[in-house]
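I opened the model to look up its salt bridges and one of its sheets. My entries follow.

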Amino acid sequence: MEKIQLPKKPNRYYFYNNVIPIIYSEINKGNYEFSFDMSHSELTNPEFLVGLLAASSLIRSKYSHISNLEIPSSSSKLFNYLGNSNFYGIASMPFNNVLNFTKYSSDYGKKNIKGYISKISCITENSDISTHQNNASKITYDFLQKLLDDKRNAENWNFYKLFELSLIQLAENFFEHNLYDNTYDCSCYYMAQKMPYGVIQIAFYDTGKGFRKRILEIVKKERDNIKKGVKPNSDLKQYIEIADKLNDKALIWKKTNENSNLLAIKAALDFRKGSDIPGLAVIKDFAISNGGSFFVHSSNASIEIDKYGNEKFRIFDENFSGVHFTIEIPLK
């Protein structure tokens, strides 16, 4: 079993630079058994936790192994955080158990916290979409509104409504793009939380097919419809134009802006731009316009956009399946 030692404060950068490379390196050797060791960890964040769950879910679904997580015995703060966020329950869900635990400290106990407590949510093939639509409303009004101490000020109504619709759209996309035509086990994890540096962080990780495969499916369906005499969908024109590049296997691992997974992310970010429907372009613009940031990863490519709209991309050595977002919005 490969033990992966986690640092004091595991975060996105550690996840992609250390955890994912080790996992894929071991998988390439035929080793599918992992133990994540948090014995030196004191703090973490939603982005790392949902990422760890997503990676563990892939190991379980693809290689039929359930990973282990060693919980520290010295940090009651971390115990409480993991417990109150329902991390233990989500990780050990019946029929979707992705982590086993080396027994954590006996002094763990949930604190009685008044009001809305940030919790991790999981979508699987057994999920009801209405549950996650309701979750989006709870996060928006029971959590965000209370954080801002706002009694539903009319001036902020559009802010709340778009925030809620953005969360709903992310969940609905997972149902539509993965579960409704699912051919293999996949799941999705998401969480929203107030961070110590004055922002709300929303992390969303799914283990589905990713942007490139999804766009190619859309293009194939569109071309089949055109052959049948159905009028082409003008909104999908950009997808059709890049389809050959997305199919080009030589571009999948190219570490330039011609990388096919990067092209797929950019196409997905431009889709529905200027629309009232909260696609990725609207969600991205919503975060940036409120002084926030946006990170999106799919397969082996990522784009990070700061509060000024500056973009930087990265091509990884590992093809980590699915689509992953993190949005941070300052608390006004």
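Is Lys209 buried or exposed? I find Lys209 buried, at a relative accessible area of 13%. I use buried for under 20% relative accessible area, exposed for over 50% and partly exposed for in between, with a 1.4 Å probe and protein chains only.

Notes on the source. This is a predicted model, in which local features need pLDDT of at least 70 and side-chain atom pairs count only at pLDDT 80 or more, while totals for chains, interfaces and linings use all residues. Residues are numbered from 1 along each chain as its sequence is written, and side-chain values use heavy atoms, with hydrogens and water left out.

Salt bridges. I count a side-chain nitrogen of Lys or Arg within 4 Å of a carboxyl oxygen of Asp or Glu. Searching the whole structure, I get 13 salt bridges.

I looked up the partner of Lys209: it is Glu217, at 3.0 Å from N to O. Glu217 is partly exposed, with a relative accessible area of 35%. Arg214 also forms a salt bridge with Glu217, and there the closest N and O atoms are 3.6 Å apart. Arg214 counts as buried at 15% relative accessibility. Both Arg214 and Glu217 lie in helix H7 (residues 210–227), 3 residues apart, or about one turn of the helix. Helices (H or I, at least four residues) and strands (E, at least two) are DSSP runs numbered from the N terminus.

I then checked Arg12, which forms a salt bridge with Glu304, the closest N and O atoms lying 3.2 Å apart. Arg12 is in helix H1 (residues 12–28) and Glu304 in strand S10 (residues 293–305), so this pair ties together parts 292 residues apart in sequence. Arg12 is buried at 9% relative accessible area, and Glu304 is partly exposed at 21%.

I also noted a network of salt bridges linking Lys3, Asp37 and Glu70.

The sheet. I followed S10 into an open, antiparallel sheet of 5 strands, ordered S7-S8-S9-S11-S10. Strand S7 (121–123) and S10 are at the edges with a single partner strand each, so one side of each has no neighbour in the sheet. I take two strands as paired if DSSP finds at least two bridges between them. S10 pairs with strand S11 (residues 311–330) over 12 bridges, in the antiparallel sense. Ser302 has Arg314 in S11 as its bridge partner.

H1 packs on this sheet, touching strand S9 (199–206), S10 and S11. Contact here means heavy atoms within 4.5 Å.

Terms used
Axes fitted to C-alpha atoms, helices over the stretch in contact; angles between N-to-C directions.
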